[in-house]
Amino acid sequence: MGAPRLPGLDVAALCDPDDRTLADLSSFFVGSFWRDKAGGALSEQQASALMDFQLGEFKAFFFLSRESTTQRSLIRATEHNQTVGMTCVEAARVTVSGGGGRKEDRRSAVRPVLSNLVVAEGARRKGVAERLVGEAEVTAMSWGFDSCYLLVCADNAPAVSLYKKLGFAVAFEDDEAKTSEVEQDGTVKSVPAAVLVMRKSLK
Ligand SMILES: CC(C)(COP(=O)(O)OP(=O)(O)OC[C@H]1O[C@@H](n2cnc3c(N)ncnc32)[C@H](O)[C@@H]1OP(=O)(O)O)[C@@H](O)C(=O)NCCC(=O)NCCS
């Protein structure tokens with residue numbers, strides 16, 4: 001039997017979050033995603049620099065008008081009004097490049113892409129990520145898509161096993177991709193990584 005689920009869990013898509021909500025979510029993301037990336041603890045300097053960085057990223061996600069992105073949404077999970085998880089989904093023009101994979105994936109097309117999935121450390125293994133990804137899929141279907149995509153580091157075993165459980169399959173493995181790491185001063189740098197592009201049919 002798995003861990004008990006969260007009885008008060010609420011999962012909702014935010015299409016037009018205000019500045020205050022984005023600041024709260026940035027703070028959540030720094031304290032969960034970036035803290036995890038930094039090995040479980042952040043110095044004050046790292047937390048402050050990452051807060052500025054993340055707020056900029058979320059503001060750009062919503063407020064920058066990019067030609068390639070047609071739709072975007074942020075999905076938030078709350079338990080008694082406390083954020084316990086989030087993910088983003090956007091419909092963007094992408095190509096799944098590289099040698100292998102399906103021919104149709106290699107065509108440039110607008111596709112829904114999931115990103116920024118994270119669950120608070122104390123709320124993990126209770127089905128929060130499953131609910132978040134499920135809501136992102138519903139959002140992608142409401143935009144008229146019948147498949148969705150995501151990128152995940154090949155060595156992120158919890159995330160890869162989550163996505164496989166939910167029906168995602170590897171469309172392409174990119175051994176020369178990049179991921180982000182936190183420096184001592186809190187700046188974010190790109191480092192080489194093996195990344196899986198995963199796809200799920202929503203039909
Ligand atoms: C990956 C992550 C989002 C999973 O969130 P979660 O809410 O704990 O996941 P769920 O409870 O919905 O798990 C659903 C299934 O995923 C798999 N899974 C989740 N965490 C796992 C782990 N640590 N080890 C192995 N499998 C795991 C299991 O199959 C699980 O089902 P089960 O609990 O019935 O066995 C969470 O660990 C996290 O926030 N990690 C840090 C950020 C991150 O890596 N994000 C992904 C970026 S691509």
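**Exercise 1. Determine how helix H1 (residues 19-37) and helix H2 (residues 44-63) pack against each other.**

Solution. The axes of H1 and H2 are 9 Å apart and meet at an angle of about 125°; axes are lines fitted to C-alpha atoms, for helices over the stretch in contact, and angles run from 0 to 180 degrees between N-to-C directions. H1 is therefore oblique to H2, because angles under 35 degrees count as roughly parallel, over 145 as roughly antiparallel, 65 to 115 as roughly perpendicular and the rest as oblique. Next, the handedness: H1 and H2 cross in the right-handed sense, that is, the near helix is turned clockwise from the far one by less than a right angle. Residues on the H1 side of the contact include Leu-22, Phe-29 and Trp-34, and those on the H2 side include Leu-50, Met-51 and Phe-58; contact requires C-beta atoms, placed from the backbone, within 7 Å. By class, the contact has eleven nonpolar residues, three polar and one charged (Ala, Val, Leu, Ile, Met, Phe, Trp, Tyr, Cys and Pro count as nonpolar, Asp, Glu, Lys and Arg as charged, and the others, Gly among them, as polar).

The model is predicted: local features need pLDDT of at least 70 and side-chain atom pairs pLDDT 80 or more, whereas totals for chains, interfaces and linings use all residues. Numbering starts from 1 along each chain as its sequence is written.

**Exercise 2. Trace the pairing from E3 through E4 and E5 to E7.**

Solution. Begin with strand E3 (residues 82-94) and strand E4 (residues 109-119), which pair antiparallel over nine bridges; Cys-88 has Ser-115 of E4 as its bridge partner. E4 then pairs with strand E5 (residues 147-153) in the parallel sense over two bridges, and Leu-114 is partnered by Leu-150 of E5. Between E4 and E5 the chain passes through helix H3 (residues 128-142) in a right-handed β-α-β crossover: with the strands pointing away from the viewer, the path from the first strand over the helix to the second runs clockwise. Finally, seven bridges join E5 to the antiparallel strand E7 (residues 188-201), where Met-198 is the bridge partner of Leu-150.

Terms used:
Two strands pair if DSSP finds at least two bridges between them. Helices (H or I, at least four residues) and strands (E, at least two) are DSSP runs, numbered from the N terminus. Two residues are in contact if their C-beta atoms, placed from the backbone, lie within 7 Å.
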